[in-house]
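Here's a friendly walk through one structure, strand by strand and charge by charge. Have the model open while you read.

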Amino acid sequence: MRSYRAAVFALMILSAAGCGKKEEHAVQSAPPVVRGVTVAAVAAEDLPEVQEAVGTVRARTSAVLSARLSGTVTGVYVREGDRVGRGKLLVAIEAVESGAAAAGAASGVDEASRALSEAQARKKLADVTFERYSRLFEQQALTRQELDTRRTEQEVAAQGVARAEARLAQARQTARAAGAVAGYGRVTAPISGVVVAKQVEAGQTVFPGTPLLTVEGDSGFRLEVAAPEGLLGKAKPGDRVPVSVEGTPAVGTVSEVVPVVDPASRTFTVKIDLSSGGVRSGSYGKAFFKTGSRQGVAVPAAAVVQRASLTSVWTVSPEGIARLRLIRVGRELDGRVEVISGLAAGDKVVTQGIERMVDGAKVQ
């Protein structure tokens, strides 16, 4: 009897211990609960069909300064990145020949001016002499031939003045041209902007056409893209076009369309003015031209999880269980991302609070 009671007591202890382990296992297997996240249902919608064109950001106004005479660079007064105002002296070039020509032209002006003074003096004398001979002729104190001789001298003196005036005007124009050529040794900024390239240094010999500096103006930037031939006639000045410059989305305005198709690439140039600041000349950019629409699904960009080369979103099942699902994405659409595969209309995804998500968690 005692052994039967001992056996029953031991069985009760074992049963109690087994129940305790089951309850402990049940507590450990309960899924974690996540609260405070935003869940939205995916819906089918009309997504724009776009054609992509790539290009480069350039300044709207740019000036490439080149030497206009032969000489030696005596000074370069700016560096790349310096901001300059219109008319600022940038480069000085010494050209002995042009300087000598300018000095000679100035001397020619002085000589022509003195010659004019002499001609005017001779004309004045001829005028006085003719008046005196006219009075004597009226008094019949000389013959008509003598009077005609003085009249001819007066006319010749007048012609001499006219020739002297013409030579002076010619000398002044020559001096002006020579001075302008000599002035080419002072290279100034034609526009206000930033120096983006410097091709010369002091002491270098330059010739007409040698590049000196490049200055980009302050009038803004534009994206010049090579658009596919199929867009010819569809892209028009004034159109608002989504763009992406170095990965930053923005919106630009088509300012110019060059309707000439490159036979090699089958593209034409479209110039898009950028209103956003912070862009740099030479940056890589894309433009997206709308060509139609189609049915598809999209999710907020904040809902997309990027881990290495894998792209996924957190989905919530009808039972409220969170699962990480792989997807394939397409274009970005104003803060949203097109989902090509991996999601369907009606699926629920976590749009805010994804940093708190755990696979298999209960979403409340």
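## A hairpin to start with

Let's begin with strand 20 and strand 21. Glu332 has Val337 in strand 21 as its bridge partner. Strand 20 covers residues 328–333, and four bridges join it to strand 21 in an antiparallel run. A quick word on terms: strands are DSSP runs of E with at least two residues, numbered from the N terminus, and two of them pair if DSSP finds at least two bridges between them. This hairpin has two residues between its strands, and Asp334 takes a positive phi near 55° there.

Strand 21 (residues 336–341) also runs antiparallel to strand 16 (residues 284–300), with four bridges joining the two. Here Pro300 has Arg336 in strand 21 as its bridge partner.

## Where this comes from

You're looking at a predicted model, where local features need pLDDT of at least 70 and side-chain atom pairs count only at pLDDT 80 or more, while totals for chains, interfaces and linings use all residues. Residues are numbered from 1 along each chain as its sequence is written, and side-chain values use heavy atoms, leaving out hydrogens and water.

## Another hairpin, and an open sheet

Strand 18 (residues 310–316) and strand 19 run antiparallel, joined by five bridges. Look for Trp314, whose bridge partner in strand 19 is Leu324. These two strands make a hairpin too, with five residues between them, and Gly320 in the turn has a positive phi of about 85°.

Elsewhere there's an open sheet of four strands, in the order 4-11-9-6, with antiparallel pairing. Its edge strands are strand 4 (62–66) and strand 6 (83–84), each pairing on one side only. Strand 6 is joined to strand 9 (residues 193–198) by two bridges, and the two run antiparallel. In that pairing, Arg83 stands opposite Val194 of strand 9.

## Charged pairs

Side chains of opposite charge can pair when their charged atoms come close. How many salt bridges does a search of the whole structure find? The count is 19, where a salt bridge means a side-chain nitrogen of Lys or Arg within 4 Å of a carboxyl oxygen of Asp or Glu.

One of them joins the side chains of Arg58 and Glu224, at 3.3 Å from N to O. Arg58 sits in strand 3 (residues 45–59) and Glu224 in strand 12 (residues 221–228), so this pair ties together parts that are 166 residues apart in sequence. Arg58 is partly exposed, with a relative accessible area of 41%, whereas Glu224 counts as buried at 19%. (Buried is under 20% relative accessible area, exposed is over 50%, and partly exposed is in between, using a 1.4 Å probe and protein chains only.)

Because Arg222 lies in strand 12 and Glu256 in strand 14 (residues 248–262), the pair ties together parts that are 34 residues apart in sequence. Arg222 is buried at 13% relative accessible area, while Glu256 is partly exposed at 34%.

Then there's Arg323 with Asp359, a salt bridge of 3.3 Å, N to O. Arg323 is in strand 19 (residues 322–326) and Asp359 is in the loop between strand 22 (348–352) and strand 23 (362–363), so the pair links distant parts of the chain, 36 residues apart. Arg323 is partly exposed at 44% relative accessibility, and Asp359 is partly exposed at 45%. Finally, salt bridges that share partners join Arg58, Arg222, Glu224, Glu256 and Lys271 into one network.
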